Amino acid sequence: MVKNGLSGKSPVVVCHQKHTSSHPFGVFYGQNPLEFSFPLVLLQVITFIVISRILRFLLKPLRQPRVVSYILGGIIVGPSALSRAKRFREYMFPEDSEFMLKNIGVMGFMYFVFLSGVKMDLSVIKRAGKKHWYIALSGVIVPFCTTAITAIILRKSQEKELVKALSVWGVSSALSITAFPVLYPIVRELNLLSSEIGRLALSTAVISDIIGIQGIIIFEAGKQGEEKPITAFWYLISLIVVMVSIIGGVRQAMLWIVRTTPEGKPVDQIYVIGILLGVLVAGFVADMGGLAIANGPLWLGLAVPDGPPLGATLVQKSETIIMDLLMPFSFLYVGLTTDVYTISAQWSHLHPLFYMALVAYTIKMVSTLVASRFFDMSIRDSFTLSLIMSLRGEVELLLFIHWMDFKMISQPHFSMLVMLTVTVTAIATPLISVLYDPTRPYMVDKRRNIQHTPPNTELHIVSCIDGEESLAGLINLLEISNPTVNSPFVVYALRLVELVGRAAPVFIDHENKENSYDDSNFNSIHNALKIFEEASGEYIKIHTFTTITSKRSMYQDICELALVKKASLIILPLYKKHLDNLNGTELLIQGNISVNSNILKHAPCSVGILVNKGSCYQNHLVNCGMKLSVHHFAVLFLGGSDAREALAYADRMAANPDVALTVIRFLAHDNEGDNEMEKKLDDGLVTWFWVKNEGNNQVVYREVVVKNGLETIAAIQAMNTVYYDLWIVGRKHGINPVLLRGLSYWSDNNELGIIGDFVASVDFDSPASVLVMQQQILRGQESASGSLLSRFCSKR
């Protein structure tokens with residue numbers, strides 16, 4: 001290696017030991033593995049991953065996102081901490097290894113922006129309203145102008161490169177934009193994808209990115225033409241050629257791949273490999289044409305049709321290896337380039353850029369806050385949105401590296417900007433978690449349940465459909481629930497689609513013609529619901545919706561729909577199928593397990609989980625006109641609010657002449673363990689039910705006295721000698737613990753409660769499906785029955 005000496009003297013030649021590319025025979029041959037390049041690279045990345053994972057574990061209670069842990073991990077490994085020790089740096093990060101780390105790190109950034117482009121849905125720009133545009137424009141233009149003015153005021157103390165107009169333009173635009181690839185992972189970690197703030201932030205970030213890209217293109221073209229103006233022209237020509245080639249050629253090929261892929265089938269592996277290799281080609285072509293190396297992969301990602309089958313397959317097959325293997329090299333390179341000790345030593349040269357960044361971040365928050373308040377958002381929500389739009393991460397780091405390549409900034413500037421990036425994100429993220437709770441609006445004070453719905457009024461129901469399998473059970477349940485002219489059902493059928501291969505969630509109202517969603521699977525569901533609605537006449541009205549979002553945040557759309565439509569009940573599907581070839585074994589379909597759990601916690605109304613055991617229940621009820629004239633249902637009444645809700649729903653069914661209902665009430669021996677308030681409420685509802693149905697020969701009421709859970713199970717088993725089509729049971733709230741004594745370890749599925757899980761299990765050996773009811777939990781209600789009852793009684 002040759003380094004320049006002092007002025008007027010010959011260059012200084014510095015010799016370094018070169019790491020061989022071959023593999024060692026092993027330490028038993030007296031060889032040091034760190035003298036070989038490949039083992040050294042493995043140790044470097046392992047060290048970084050271990051440190052960043054430890055930081056992730058330690059910072060998770062503080063709600064820190066993954067990007068903060070990765071940046072801090074790189075800083076700890078770099079010259080700011082461990083590599084400050086000369087011996088550690090010489091062994092772990094010798095100078096001839098930096099070349100490889102930088103190249104793999106830049107490659108990681110290339111694939112990161114490509115993946116972000118695949119997930120980005122540019123159609124949100126068409127759907128965006130004035131609110132999104134004004135917030136985005138004010139959040140970019142105002143901080144851009146104030147940052148540029150700050151740079152002009154501080155120009156006398158600026159570095160020579162940063163005084164140039166193009167540099168001021170580039171720094172101001174970069175500090176003012178909000179990068180969608182940065183926002184999306186953090187919003188997803190905070191579980192805000194389907195929240196109102198999350199949707200607004202992601203849509204606004206896409207608009208901000210489009211604006212920011214224009215500023216970066218102007219900056220790039222100007223930099224290219226600094227020495228020869230003609231090169232700026234050739235830069236623009238290269239830009240147009242690359243964009244036309246990707247949009248006009250590559251995208252059309254991808255659309256052809258989508259058209260030729262059979263419905264429901266994944267894209268062929270050869271196409272996936274070809275597109276992933278195309279990322280490297282796009283980066284090479286962009287770099288060769290003088291474009292920023294990340295531009296090519298980003299545009300290629302934007303050209304990929306989002307969602308299934310192509311976008312979803314690319315994300316599923318590449319996201320893990322990109323985020324968990326390639327990106328560590330990127331953050332490792334950033335950390336090795338960051339030296340916090342140079343900041344204080346060079347502060348006299350750094351403070352102008354520091355003030356520019358500080359002004360940009362502060363004014364961006366203020367301008368976003370003011371614009372949000374202009375559209376009548378609350379102060380809390382406006383402040384939350386401004387914090388989200390201030391988040392910084394991978395895109396900013398990539399821009400800082402690009403500035404170093406242009407020699408706009410030096411290592412001290414880079415180190416300061418990296419520390420500002422991690423500081424802003426580390427402060428903003430936990431504040432977002434504290435300020436904004438997406439479940440807050442769902443817990444209401446007004447009763448919305450079956451028990452307290454007045455007779456002869458419309459019953460609003462949100463029914464979730466995750467596939468054709470859940471449709472037949474839903475239709476049969478609605479039909480036998482006895483809708484009448486005086487008490488019709490208004491059903492909001494919500495199709496649940498998991499968000500894969502795209503970032504922005506979508507909520508579609510199919511009665512709104514502006515919304516379009518091409519899905520043959522949904523079309524068949526939609527047609528079946530319309531046929532059922534027409535056959536039901538004026539008794540049932542059905543409105544269809546679709547939500548495309550992640551499983552983790554899907555409950556937010558369901559609860560929001562129930563809240564807006566003032567629903568009294570949410571019906572959720574759950575499947576249990578028996579495996580005939582494995583005696584005593586059953587398969588629990590896990591698709592909606594997490595969704596159901598979140599809805600049970602946050603629903604603004606009552607919830608019913610319909611456990612569909614497969615074809616038996618479906619065929620029996622669908623073809624009931626040819627087989628049986630009466631459906632036999634059983635209610636297991638163990639007491640408590642959930643049991644009362646189950647009985648109130650069964651009472652509606654009992655008015656149907658085609659329904660025979662058996663109600664079994666379980667009581668503790670000598671009233672052991674009874675809560676007097678709960679018992680009083682149970683007695684009141686049961687007495688009302690029995691008096692109402694005393695003259696109905698198809699309604700049977702019995703009481704069973706038990707001493708413990710084993711006797712409860714035995715009594716339920718004894719009922720199984722009679723064929724029932726459906727078991728109805730309360731979930732868990734308010735049940736006398738004596739009735740469940742000794743059963744706490746029997747339940748595998750907490751969603752259904754102990755008794756619901758037992759009746760739905762293979763051990764019970766019943767082909768009937770199960771409906772588990774949970775009554776609405778009011779705002780501020782506690783799980784303790786005493787508190788629950790005191791509130792209940794005070795409102796009666």
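Predicted model: local features only at pLDDT ≥ 70, side-chain atom pairs only at ≥ 80, totals over all residues.
**Ground rules.** Local features need pLDDT of at least 70, side-chain atom pairs count only at pLDDT 80 or more, and totals for chains, interfaces and linings use all residues. Residues are numbered from 1 along each chain as its sequence is written, and side-chain values use heavy atoms, without hydrogens and water.

**Cores.** I looked up the nonpolar cores (buried Ala, Val, Leu, Ile, Met, Phe, Trp, Tyr and Cys residues joined through side-chain atoms within 4.5 Å; buried means under 20% relative accessible area, with a 1.4 Å probe and protein chains only). The largest has 110 residues, and Phe 114, Ile 388 and Trp 403 have the most contacts inside it. Helix H14 (residues 310–337) gives the most to this core, 13 residues. Helices are DSSP runs of H or I with at least four residues, strands are E runs of at least two, and both are numbered from the N terminus. A second, separate core of 56 residues includes Tyr 555 and Phe 758.

**Strand S3.** I then checked S3 (residues 459–465): seven of its seven residues are buried. Leu 459, Ile 461, Ser 463 and Ile 465 point one way, while His 460, Val 462 and Cys 464 point the other. In a regular strand the side chains alternate between the two faces of the sheet. S3 pairs with S4 (residues 489–498) in the parallel sense over seven bridges; pairing takes at least two DSSP bridges. Ile 461 has Val 491 as its bridge partner in S4.

**Rings.** Last, I found that ring pairs (centres within 6.5 Å) link Phe 48, Tyr 70 and Phe 331 into a cluster. The structure holds 16 aromatic pairs.

Conventions. Buried < 20%, exposed > 50% of the residue type's maximum accessible area, 1.4 Å probe, protein only. Phe/Tyr/Trp six-rings, centres within 6.5 Å; stacked < 30°, edge-to-face > 60°.
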